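User: I'd like to learn how to read the packing features in a model like this one. Can you take me through them one at a time?

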Amino acid sequence: MNRRDMDRLGWRSLDILLISGDAYVDHPSFGTALLGRWLVAHGFRVGVIAQPRWEDTEDILRLGQPRLFVGVTAGALDSQLAHYTAFRKKRSDDAYTPGGLAGARPNRATLVYANLVRQAFPGLPVILGGIEASLRRVSHYDFWADKLRRSILLDSKADLLIYGMGELALLEAAERLRAVRDREGEPRADVLAGISGSAYAGGPDDLPPEDVTVLLPSHEEIKADSFKLVEASLALERQVHRGLDWAVQKSGDRYVIVAPPARALTVAEMDSLYGLPFTRRPHPMYKKPIPAVEMIADSITSHRGCAGGCAFCSLALHQGRRIQSRSRDSILAEVDRLAADPEFKGSLSDVGGPSGNMWGGYCLADQTECRRESCLFPKICPKFKADQSVILDLLRAVLGRPGVKHVRVASGIRYDLALTDQKALEGFLTEFVGGQLKVAPEHVSDGVLQLMRKPGQEVFHDFLRFFYDCSRKAGKEQYVVPYLMSALPGCSFREMEELDSWLRARRWRPQQVQCFVPTPGTVATAMYYSGRDTRGNIIHVARTDAERMRQHGFLAPREQTRRTDRRDGRRPDGRDRNRRRPDNNKDDRRKSARRGPLGPTRVKRSF
């Protein structure tokens, strides 16, 4: 991070410099730390410039010019999403910055950092990575500019873009550049073409064979016919899932060539990666706390990937649907290391991944022949296996380690998958739910759920019945915390009224709510851009911020600005907009505090 660190390590120069839009936290949940430790373990000297100032190149030059290349990432979030709300309002905070202060990274950080590197180190290879680059690897709709943008690879003029989690692709790129540097004295970017899990720009002579290539609609074709973006998004999803084909997209006189995804890490490789000597703390140079650290400090990553393939989620395009799991011994060893930390208080906030109950999941189908868009939708594929009893045994083993008093699964569970083994689910609900369990029904309208690729309303009802029965039998007061979403493509005022009626009937006041944000790369974003579903049918799209806010008002009326939502002059919660607000006295505040996240009568209400 600075010259003092280099001096302590005895390094005169770096092999690789990583630039990130996040503050540096040496924890495996942070991509820069994970990849940096991985490269160091393979013999490379790695430096990190975190949240550099972008007015000049002074910060970029702090550690000197690296021998091989500079890696650039916007951080754990797309920088536009980190800066703006779902209603395009400027955020006042940033969880990945010391003190939680906004403004430590620029808009479109990947592009800005790449340009700075070009100024600071002319001719040195530049490699893009992270979620912002990964999801913008081909033409994509940009919600914040409200227009179609071409691949970020072309806009940044970078030499390579690594998509997905990146360990294998980044290591191969480093090894190729080291070999040519040792042989010729300078790293040459032209040796980077064709690395699995990467994309690069080329001309007609650089294209892979047609028989192994998925030809995506060109940038110009998508501009002329917006439904082509839906076709491109579905094709890219299939390319990632099947794992064999190349994808090519023409943009002007250039081609974006997307190599097949990197192979899945083996269990041994996952164990080695997460067993690296992370301190699990922010760099000591920081004087203010980093809010994101509080959320993940006492968490354990057991696996990556998600079999769900939800239309609005980027996981299928970034991590893939294939589950990559660590071994039980590796997880328990990390628990022991964490428990030995003097600052550990005895409570593990999470043992899981994108979803807590997919550890050890695998598929019996031939992945190269699979045509499903989701392993769990419309019903759970019989060839997808995720033994819920084994996951429960793992949690019990974690709870039994010395120094561990409590274990929770903050990442939540996929409730339709959990219902496949009700005995294991009963053990999970009675032993590892700390009063509140996060689940993500997202909506209750079956039409909207169909577009989301989520299970129908009845499946959620079945889960609620089971949850409350188990809680009552165990003598525990436990609540479901549902994640709900407004303004998804295909969701109109009518569907939001259906959801509102459903919540009112149960006297639920959910707090984990969000308005759909069309993040680049997802199928739902392509539907938002085109106004059509995946079959080409016209659907309703809430395009204006005013309509999006009106829909969201059904879920979060207190967060909504005081605007008229209906022609009768009433707000989305049904009250007259001119009605005087009650006095904000102490009694009112006490009553509000007692209500909790889902209202005062969450468990005993019928459903």
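Analyst: Let's start with contact, which means heavy atoms within 4.5 Å. Leaving aside neighbours within four places in sequence, T522 is in contact with S233, A311, F312, C313 and S314. Keep in mind that this is a predicted model, where local features need pLDDT of at least 70 and side-chain atom pairs count only at pLDDT 80 or more, while totals for chains, interfaces and linings use all residues. Residues are numbered from 1 along each chain as its sequence is written, and side-chain values use heavy atoms, with hydrogens and water left out.

User: Where is the place of T522?

Analyst: Helices (H or I, at least four residues) and strands (E, at least two) are DSSP runs numbered from the N terminus. T522 sits in the loop between strand 22 (513–515) and helix 20.

User: Is T522 buried or exposed?

Analyst: Buried means under 20% relative accessible area, exposed over 50%, and partly exposed in between (1.4 Å probe, protein chains only). T522 has a relative accessible area of 4%, so it counts as buried.

User: With which side chain does T522 make a polar contact?

Analyst: A polar contact is a pair of N or O atoms within 3.5 Å; within protein, one must be able to donate a hydrogen and the other to accept it, and residues adjacent in sequence count only if both atoms are side-chain atoms. For T522, the partner is the side chain of T525, at 2.8 Å. D416 belongs to helix 15 (residues 415–418) and is buried because its relative accessible area is 8%. Not counting residues up to four places away in sequence, D416 touches L376, I380, P455 and V459.

User: How do helix 9 and helix 20 pack?

Analyst: Axes are lines fitted to C-alpha atoms, for helices over the stretch in contact, and angles run from 0 to 180 degrees between N-to-C directions. Helix 9 (residues 227–242) and helix 20 (residues 523–530) have axes 8 Å apart, at an angle of about 170°. Angles under 35 degrees count as roughly parallel, over 145 as roughly antiparallel, 65 to 115 as roughly perpendicular and the rest as oblique. Helix 9 and helix 20 are therefore roughly antiparallel. On the helix 9 side the contact uses F227, L229, V230, S233, L234 and E237, and on the helix 20 side V523, A526, M527, Y529 and S530.

User: What does E237 touch?

Analyst: Setting aside residues up to four places away in sequence, E237 touches A316, L317, R453 and V523. E237 and V523 lie 286 residues apart in sequence, yet their C-alpha atoms are 8.6 Å apart in space. With a relative accessible area of 13%, E237 is buried. E442, in strand 20 (residues 436–442), is also buried, at 8%. Leaving out neighbours within four places in sequence, E442 is in contact with F312, M452, K454, Y483, L484 and M485.

User: What covers the buried residues of helix 2?

Analyst: The cover includes strand 1 (16–20), strand 2 (46–50), strand 3 (69–73), helix 7 (167–184), helix 10 (267–274) and strand 13 (303–304). Helix 2 spans residues 31–41, and its buried residues include T32, L35, W38 and L39. Just after helix 2, G43 takes a positive phi of about 95°.

User: How many aromatic pairs are there?

Analyst: Rings of Phe, Tyr and Trp (its six-membered ring) pair if their centres lie within 6.5 Å; planes under 30 degrees apart count as stacked, over 60 as edge-to-face and the rest as tilted. That rule gives 13 aromatic pairs. F467 and Y468 make an edge-to-face pair, 5.3 Å centre to centre with 75° between the planes, and both are buried. Ring pairs link Y415, F460, F463, F467, Y468, W502 and W508 into a cluster.

User: Which ring has the charged end of K250 over it?

Analyst: A charge sits over a ring if NZ of Lys or CZ of Arg is within 6 Å of the ring centre and within 35 degrees of the ring normal. K250 places its charged end over the ring of Y255, 5.9 Å from the centre. R543 lies over the face of Y528, at 5.3 Å from the ring centre.

User: Which peptide bond is cis?

Analyst: The bond from F377 to P378 is cis, with omega near 5°. P378 is in the loop between strand 17 (362–363) and strand 18 (384–385).
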